[in-house]
Amino acid sequence: MSTEIPPNPLPGIQTLPCSSGEPAQWPITGWLYKCAGIRWIMSEESGNAQTKPLKRVEEGNGESGENGHIRKKLKSDVEQTGDDRKHPKRKVVLLLAYSGKGYYGMQRNAGSSQFKTIEDELVTALIKSGCIPDNHGDDMKKMSFQRCARTDKGVSAAGQVVSLKIWMIEDVKEKINSNLPPQIRVLGLKRVTGGFNSKNSCDARTYSYMLPTVAFAPKDNGTENSTAFRLEPETLQRVNRLFGSYKGTHNFHNFTSQKAARDPSARRYITEMTCGEPFVRGGAEFAEITVRGQSFMMHQIRKMIGLVIAVVKGYSGDEVLKRSWGEEKVDVPKAPGLGLVLEKVHFDRYNKRFGGDGLHECLEWTEEEQAILAFKEEHIYPSIVETECQEGSMTSWMATLPIHDFEATAKGAQDKDRGQDDDEEEDNGSDSAL
C-alpha cells in the first residue's frame with residue numbers, strides 16, 4: 001500500500017496531522033484515520049458531504065478486514081484459560097439422597113455456619129471437586145441453583161433433585177461424592193435444557209412417612225410394652241379408608257400455619273395416600289405411609305397423618321376430616337418429623353416434551369433404583385428406627401393428644417384472607433418437618 005496520503009474524498013474536511021507519523025488511509029466507502037494507536041472510522045453518506053464517527057476501537061480489540069473494515073472479535077475468539085477452557089459449563093440435574101439427622105434442613109442459610117444444612121455440604125463439595133468457582137458458593141444464583149423441595153430439619157430424602165450449572169469435569173459424580181460425608185450422596189446426574197428449573201418444572205412430589213404401628217393402637221392401650229404391639233388387618237383397612245378420603249382437591253388451610261380459609265393457595269390436589277403392610281425392625285413393628293401430591297404446604301403431611309392417628313385412636317370421630325376442609329378453624333395435631341422422607345419428584349411434562357427428542361434424557365431414575373434402595377437401607381431406615389427406639393418420639397407425641405379439643409372451633413378467626421403465606425414452602429412444593 002502506498003505511503004502517500006490520498007486526496008481527501010470529503011471536501012471541506014481538514015485532515016489533521018498525525019503525531020505518530022503513520023499515514024492516513026482512505027477506503028472506498030469511507031475513511032479511517034489512525035493516529036497515536038487510536039483508529040477513527042468515518043463514513044460518507046451517499047449524496048451528502050457529511051461525516052459521522054461510527055466506532056472508536058482500541059488497538060488490539062479488533063482486526064482490519066478487506067477495505068479497512070473492522071471485524072470485532074467474537075467471544076469465541078478470546079482465549080480461555082484454566083477450567084473454563086478445559087471443561088464446558090452445562091446445565092445439569094443431580095439426584096441426591098441424604099439422611100437429614102443432624103442437619104437443619106436442605107436449604108442453605110448464607111452467612112450462617114451455626115446451622116449446617118445439606119446444601120452447605122453440597123456447595124463445599126462442588127467447589128472442592130472443581131465443578132464451580134469459589135464465588136458461586138457465596139451467591140448460588142450465579143450457578144442457577146434450584147431445588148425441587150425444601151426439606152426441613154431432620155427430614156431425609158431418597159430422590160431429591162437439584163438443577164444447576166457446573167463445569168463438566170471428568171468423573172464428576174465420583175469427585176463430588178469424594179468430598180461429601182457418607183450420609184449425603186449424588187446418585188445420578190443428567191444434562192437438561194438450558195432453561196430448566198427443578199422447582200418450576202416439577203409436577204408432583206412423593207413422600208413417605210415411616211412410623212411405629214403402635215401409633216394406631218386404641219387410646220386406652222398402654223405404651224409400657226409398645227414394641228409388642230401388632231397392627232390388626234381390620235385396623236389397617238380403616239386407616240387406609242381414612243387416608244383415601246384425602247385424595248382429590250381439598251382446602252387444607254387447617255393443615256398449615258397462618259393460612260386463611262379463603263386463600264386459593266390452600267387448595268391442594270392429592271393423588272395417592274396409603275399405608276403399607278407392617279414390618280418388624282429393631283424388634284418393633286413399623287409401617288410406611290406413602291403420599292403423592294402436586295405440592296405440599298408447611299407441616300401439611302405431618303398434620304394429615306396426625307389427624308388420622310387421632311381418629312383411629314378414638315380421640316375424635318371420622319367426621320372431623322370433612323370439617324377440617326371447611327372454613328372453620330379445627331385443632332389438627334402435628335405428627336413428629338422423624339420418619340418423613342422425600343421419595344421422588346416427578347417431571348411428567350418435561351419428559352413428554354424433551355424426553356423423546358433425541359437430545360435429552362428422560363428425568364427418570366430406573367438405573368439408579370438399586371443405589372437408592374441401598375442408600376435407604378444403610379442410612380435412612382436405620383436412623384429412623386434407632387432414633388424412634390431410643391427416644392420414643394411417637395410415644396411422647398401420643399401423650400399430647402388428650403390436650404387437643406377436636407370438637408372446638410374458632411369461628412371468625414380466619415375472616416381476614418391473606419394473599420401470601422408466611423413461609424415459602426408452598427412455592428418449593430415441600431413439607432416441613434418442624
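These legends describe close-up views of one predicted model. In this predicted model, local features need pLDDT of at least 70 and side-chain atom pairs count only at pLDDT 80 or more, while totals for chains, interfaces and linings use all residues. Residues are numbered from 1 along each chain as its sequence is written, and side-chain values use heavy atoms, with hydrogens and water left out.

View 1. Ser144 sits in the loop between α2 (118-128) and β7 (146-147). Helices (H or I, at least four residues) and strands (E, at least two) are DSSP runs, numbered from the N terminus. Most residues other than glycine have a negative phi. Ser144 is partly exposed, at a relative accessible area of 30%. Here buried means under 20% relative accessible area, exposed means over 50%, and partly exposed lies in between (1.4 Å probe, protein chains only).

**View 2. His299, a buried residue with a positive phi.** His299 is found in the loop between β14 (284-293) and α5 (300-313). Its phi is near 75 degrees, and His299 is not a glycine. The relative accessible area of His299 is 9%, so it counts as buried.

**View 3. Ser99 and its contacts.** Ser99 belongs to the loop between β6 (89-98) and α2. With a relative accessible area of 4%, Ser99 is buried. Contact means heavy atoms within 4.5 Å. Neighbours within four places in sequence aside, Ser99 is in contact with Ile118, Ser156, Gln183, Phe375, His379 and Ser383.

**View 4. Tyr207 in strand β10.** The strand covers residues 204-212. Tyr207 has 0% relative accessibility and therefore counts as buried. The unreviewed UniProt entry carries the annotation "binding site" at Tyr207. UniProt positions follow the numbering used here, feature names are shortened, and annotations may be inferred rather than shown by experiment.

**View 5. Helix α4 and its buried face.** Helix α4 has 12 residues (233-244). Leu236, Val239, Leu242 and Phe243 are buried in α4. Down the axis, the buried residues fall within an arc of 120 degrees, so they line one face of the helix. The arc is that of the directions from the helix axis to the C-beta atoms. Exposed Glu234 and Arg241 are on the face turned away from the buried side. The cover over the buried residues of α4 includes β12 (267-275), β14, α5 and α6 (320-324).

Notes: Expected span 1.5 Å × (residues − 1).
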